[in-house]
Amino acid sequence: MRELDAQHARSGLAPSTWVQRWTPLAKPGGTVLDVACGHGRHMAWFASKGLHVTGIDRSEQALTQAAAYGHVINADIEGGDWPLVLEGETQRFDVVVVTNYLWRPLLPTIVRSVAAGGLLIYETFAHGNAAFGKPSNPHFLLQPGELLYGCQAMTILAYEHGYLAQPQRCVQRIASINNTDAGPDLDWQQHSLE
């Protein structure tokens, strides 16, 4: 596994430190959905941890590389229907990860895609990023508290909105658990922060 992690770092596929921080809370052997997966850096990360990974993106070229790490779906998730529907129900995953991507109308679907007791890890550009480059269009920058509002039905483990130095950018990120379907018997030992 260390060899695979080193290979990812050399190829520019190193996972986000936010994703790395919350990965230990993933259900062992569970399922992961990487939304707007690109070339699959987070697919590679989760696959190296023994999870079953699905990535979705509209770039066929990027998905060619991402397919090495799991199942890929080519879809325009902004201009078309959400493709992860089975018998009329949104498919659910033990972990849903989103990085460097924002399409506000999709946020409720992303939240619904997290299985009971599952984990959402989300990190993308936020208000203030225009001072450091692109994206600078407010349509692609989260406003303060926006992820908190979008995930209000979930149990929030951590939330941040601020400046990161390497590379310079403003981000908003959240880690949350879907306990809406798990009821009061959610196993918190499974979600240990240590």
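The following paragraphs lead through a predicted protein model, from its overall composition to individual residues.

Residues are numbered from 1 along each chain as its sequence is written, and side-chain values use heavy atoms, with hydrogens and water left out. Since the model is predicted, local features need pLDDT of at least 70 and side-chain atom pairs count only at pLDDT 80 or more, while totals for chains, interfaces and linings use all residues.

Confidence is the first topic. The term pLDDT denotes the predictor's confidence in each residue, from 0 to 100. For the protein chain its mean is 85, and 86% of the residues reach 70 or more. Confidence is highest in strand S1 (residues 31-35), at a mean of 98, and lowest in helix H1 (residues 2-10), at 43. Over residues 1-11 pLDDT stays under 50, and the model has 13 contacts for this stretch beyond four places in sequence; a contact means heavy atoms within 4.5 Å. Where pLDDT is low, the predicted coordinates should not be read in detail.

The protein chain contains 6 helices and 9 strands. Of the contacts in the chain with a separation of 6 or more, 57% join residues 24 or more positions apart. Buried residues make up 45% of the 194 residues, where buried means under 20% relative accessible area, exposed over 50%, and partly exposed in between (1.4 Å probe, protein chains only). The chain exposes about 10100 Å², of which carbon and sulfur atoms supply 51%; accessible areas come from the Shrake-Rupley method with a 1.4 Å probe, and for residues only the protein chains shown count as cover.

Seven strands form an open sheet with mixed pairing, in the order S3-S2-S1-S6-S7-S9-S8. Its edge strands, S3 (71-74) and S8 (155-164), each pair on one side only. Two strands pair if DSSP finds at least two bridges between them. On average, neighbouring strands of this sheet are turned by 15° against each other, direction ignored; the axes are lines fitted to C-alpha atoms, for helices over the stretch in contact, and angles run from 0 to 180 degrees between N-to-C directions.

Helix H3 (residues 41-48) is mostly covered, with 6 of its 8 residues buried. The buried residues are His 42, Met 43, Ala 44, Trp 45, Phe 46 and Ser 48. Gly 50, with a positive phi near 85°, follows H3.

Most residues other than glycine have a negative phi, and most peptide bonds are trans. Glu 87, however, has a positive phi near 50° and is placed in the loop between strands S4 (85-86) and S5 (89-90). Glu 87 counts as exposed because its relative accessibility is 78%. Asn 100 has a positive phi near 55° and lies in the loop between strand S6 (93-99) and helix H5 (107-112). Asn 100 counts as partly exposed, because its relative accessibility is 42%. The peptide bond from Gln 166 to Pro 167 is cis, with omega near -15°, and Pro 167 is found in the loop between S8 and strand S9 (169-177).

Methods: Helix = DSSP H or I, 4+ residues; strand = E, 2+ residues; numbered from the N terminus.
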